[in-house]
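Biologist: I would like a close look at a single part of this model. Please keep it plain and define the terms as you go.

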Amino acid sequence: MGTTIELLVGDVRSMLLGVAAPVVVLLLAIAYSEQSGLLNFERIFRRSGITQPIWGAIASAVPGCAGSLTLTRLFGTGAVGVGTLYAAHFATLGDAAFVLW
C-alpha cells in the first residue's frame, strides 16, 4: 500500500513540475507583457486580418497550452475569430489531431 501512494505522489509531482510549471511561467510572461505594455496581443490579432489563423497556429505551437488559453481569452473579447481558435487548438493537439479529422 505504501508503494502505491509513493508512486502516485511521485507521478503527481512529476506532472506538476513537468507540465504545469512551464504553462504557469508562460501565462505569467504573457500577462506581464500585456499589462506592462510590451505587447498588446488583442491589437496585434485584430490588425492581422486574413493571416490571423496562421498567427494563431504559430502562437499555439509553443509546448503547453498557454497560447491556446490566451487565444481563447481573445476569442471571448472578439479579437480573434473561430478559424483562429480552431487553428490554435489544432496546433496544440499535435498527434491527437488525427481524431478530429
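Biologist: Which residues in α4 meet which residues in α5?

Modeller: This is a predicted model, in which local features need pLDDT of at least 70 and side-chain atom pairs count only at pLDDT 80 or more, while totals for chains, interfaces and linings use all residues. Residues are numbered from 1 along each chain as its sequence is written, and side-chain values use heavy atoms, with hydrogens and water left out.

From α4, Ser-68, Leu-71, Thr-72 and Phe-75 meet Val-82, Leu-85, Ala-88, His-89 and Thr-92 of α5. Contact here means heavy atoms within 4.5 Å. Helices are DSSP runs of H or I with at least four residues, numbered from the N terminus. By class, this contact has five nonpolar, four polar and no charged residues. Ala, Val, Leu, Ile, Met, Phe, Trp, Tyr, Cys and Pro count as nonpolar, Asp, Glu, Lys and Arg as charged, and the others, Gly among them, as polar.

Helix α4 covers residues 66-77 and helix α5 residues 82-93; their axes come within 10 Å and cross at roughly 165 degrees. Axes are lines fitted to C-alpha atoms, for helices over the stretch in contact, and angles run from 0 to 180 degrees between N-to-C directions. The two helices are therefore roughly antiparallel to each other. Angles under 35 degrees count as roughly parallel, over 145 as roughly antiparallel, 65 to 115 as roughly perpendicular and the rest as oblique.

Helix α4 also meets helix α3 (residues 52-60), where the axes come within 7 Å and cross at roughly 140 degrees. That makes α3 oblique to α4. Here Gly-56, Ala-59 and Ser-60 of α3 touch Gly-67, Ser-68 and Leu-71 of α4. This contact has two nonpolar, four polar and no charged residues.

Leu-71 is also one of the nine residues of the largest nonpolar core, together with Ile-30, Phe-41, Phe-45, Ala-66, Leu-74, Ala-79, Val-80 and Ala-88. Such a core is a set of buried Ala, Val, Leu, Ile, Met, Phe, Trp, Tyr and Cys residues joined through side-chain atoms within 4.5 Å. Buried means under 20% relative accessible area, exposed over 50%, and partly exposed in between (1.4 Å probe, protein chains only). Helix α4 gives the most to this core, with three residues.

Thr-77 is also found in α4, and is partly exposed, with a relative accessible area of 41%. Not counting residues up to four places away in sequence, Thr-77 touches Glu-42 and Arg-46.
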